[in-house]
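I opened my notebook beside the model and went through it one topic at a time. Here is what I looked up.

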Amino acid sequence: MDGAPVVMEAVGVPEAGDGELLVRVLACGVCRTDLHVVEGDLAVHRPGVVPGHEIVGEVVEGAAGFTVGERVGIPWLRYTCGECRYCRRGAENLCPNSRYTGWDADGGYAEYATVSADFALRLPPGYGDEEVAPLLCAGIIGYHALLRADLPEKGVLGIYGFGGSAHLTAQVALARGARVHVMTRGAAARELATALGAHSVQGASDPPPEPLDSAILFAPVGELVLPALEALDAGGTLALAGIHLTDIPPLNYQRHLFRERQIHSVTSNTRRQAAEFLAFAQGHRLHVSTHAYSLDRADQALRDLAHGRFDGAAVLVP
């Protein structure tokens with residue numbers, strides 16, 4: 001990150017196309033995916049794209065049921081074809097023609113942004129702009145990862161890495177009666193995990209105090225796949241929550257996979273999952289740990305994220 005900063009530029013207000021909303025940005029979360037886009041870990045889809053996909057905004061130009069002045073969310077997923085075999089079976093997150101905010105189209109590190117009314121999200125009341133922004137990707141993707149982890153009722157969940165997404169996912173699991181063990185680096189992240197009710201907190205590669213029914217790897221560190229698999233009980237599932245992961249070292253079949261332990265990857269989310277999670281957030285008041293940065297300090301926010309200098313999530317405020 002230190003060698004690939006974002007650059008502030010003055011550009012015109014974007015024009016909303018047919019069926020799109022023009023939104024004045026009120027807040028935009030800083031997601032690790034933004035870091036992967038900026039650093040080049042993800043293939044370039046649009047040169048010079050404006051990052052940011054956890055956007056809270058006020059509708060300036062309405063369309064299709066949204067009114068001027070209404071507060072809406074603009075998430076990562078911004079288009080799917082609706083016609084491919086994945087879309088038809090309800091797995092639009094796997095659509096090969098999908099497009100994404102802050103990767104294929106300009107995102108929320110800006111004063112204005114656009115989104116198709118079909119993909120704009122209605123936001124739960126009771127959360128401020130800075131609080132609700134991380135829910136739009138960190139929260140939604142964490143919820144999807146929790147589903148992919150196949151956590152049994154009142155099961156034991158291990159969480160590896162404890163940033164913006166993990167601290168929200170832990171609260172969902174705890175609210176559903178799970179025992180949650182957190183493996184993470186950094187004193188601030190460990191303190192937050194303890195404050196939120198984790199049953200144990202230890203180092204990133206340390207073994208949890210009991211076998212895990214399920215685990216989620218949020219840290220983009222392939223080496224952590226091995227201790228996470230070793231910590232699983234028989235039949236356990238490890239979900240890989242990130243869009244990018246460093247190389248995974250060789251696995252030993254007996255130590256890491258035998259007794260029906262399995263690995264599930266996570267790809268984006270569906271609009272149905274987004275609606276389910278936001279409904280959960282409305283019914284269960286989540287603690288959202290945020291750190292505000294002005295828009296002109298987006299570069300610093302990304303550097304701080306890369307170096308693990310804060311707990312929870314960073315949010316840009318124009």
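What share of the contacts in the protein with a separation of 6 or more comes from residues 24 or more positions apart? I found 70%, with contact taken as heavy atoms within 4.5 Å.

**Ground rules.** I am working with a predicted model, where local features need pLDDT of at least 70, side-chain atom pairs count only at pLDDT 80 or more, and totals for chains, interfaces and linings use all residues. Residues are numbered from 1 along each chain as its sequence is written, and side-chain values use heavy atoms, leaving out hydrogens and water.

**Overall.** I counted 10 helices and 15 strands in the protein; these are DSSP runs numbered from the N terminus, with helices (H or I) of at least four residues and strands (E) of at least two. For 318 residues a compact globule would have a radius of gyration near 20 Å, and the 19 Å I looked up agrees. That radius is taken over C-alpha atoms, and the globule rule is 2.2 Å times the number of residues to the power 0.38. Along the principal axes, the C-alpha atoms fill a box of roughly 55 × 40 × 35 Å. I noted that 52% of the 318 residues are buried (buried is under 20% relative accessible area, exposed over 50%, partly exposed in between, with a 1.4 Å probe and protein chains only).

**H4 and H9.** How do I describe two packed helices? I use the angle between their axes and the distance between the axes. The axes of H4 (residues 138-148) and H9 (residues 271-283) come within 9 Å and cross at roughly 105°. Axes here are lines fitted to C-alpha atoms, for helices over the stretch in contact, and angles run from 0 to 180 degrees between N-to-C directions. H4 and H9 are therefore roughly perpendicular (65 to 115 degrees; under 35 is roughly parallel, over 145 roughly antiparallel, the rest oblique). On the H4 side I listed Gly139, Ile140, Tyr143, His144 and Leu147, which meet Gln273, Ala274, Glu276 and Phe277 of H9. This contact divides into five nonpolar, three polar and one charged residue. Nonpolar covers Ala, Val, Leu, Ile, Met, Phe, Trp, Tyr, Cys and Pro; charged covers Asp, Glu, Lys and Arg; the others, Gly among them, are polar.

**H10 and its cover.** Which residues of H10 (residues 298-306) are buried? They are Ala298, Asp299, Ala301, Leu302, Asp304 and Leu305. Their cover includes strands E1 (20-30), E14 (290-294) and E15 (313-317), along with helix H1 (32-39). H1 and H10 pack at about 105°, with axes 10 Å apart, which makes H1 roughly perpendicular to H10. Arg32, Asp34, Leu35 and Val38 of H1 make the contact with Leu302, Leu305 and Ala306 of H10. By class I get five nonpolar, no polar and two charged residues. Just after H10, Gly308 takes a positive phi of about 65°.

**Positive phi without glycine.** Most residues other than glycine have a negative phi, and I found exceptions. Asp150 has a positive phi of about 55° and sits in the loop between H4 and strand E8 (156-160). Asp150 is partly exposed, at 43% relative accessible area. Glu260 has a positive phi near 65°, in the loop between H8 (253-257) and E13 (262-265). Is Glu260 buried or exposed? Glu260 is exposed, with a relative accessible area of 68%.
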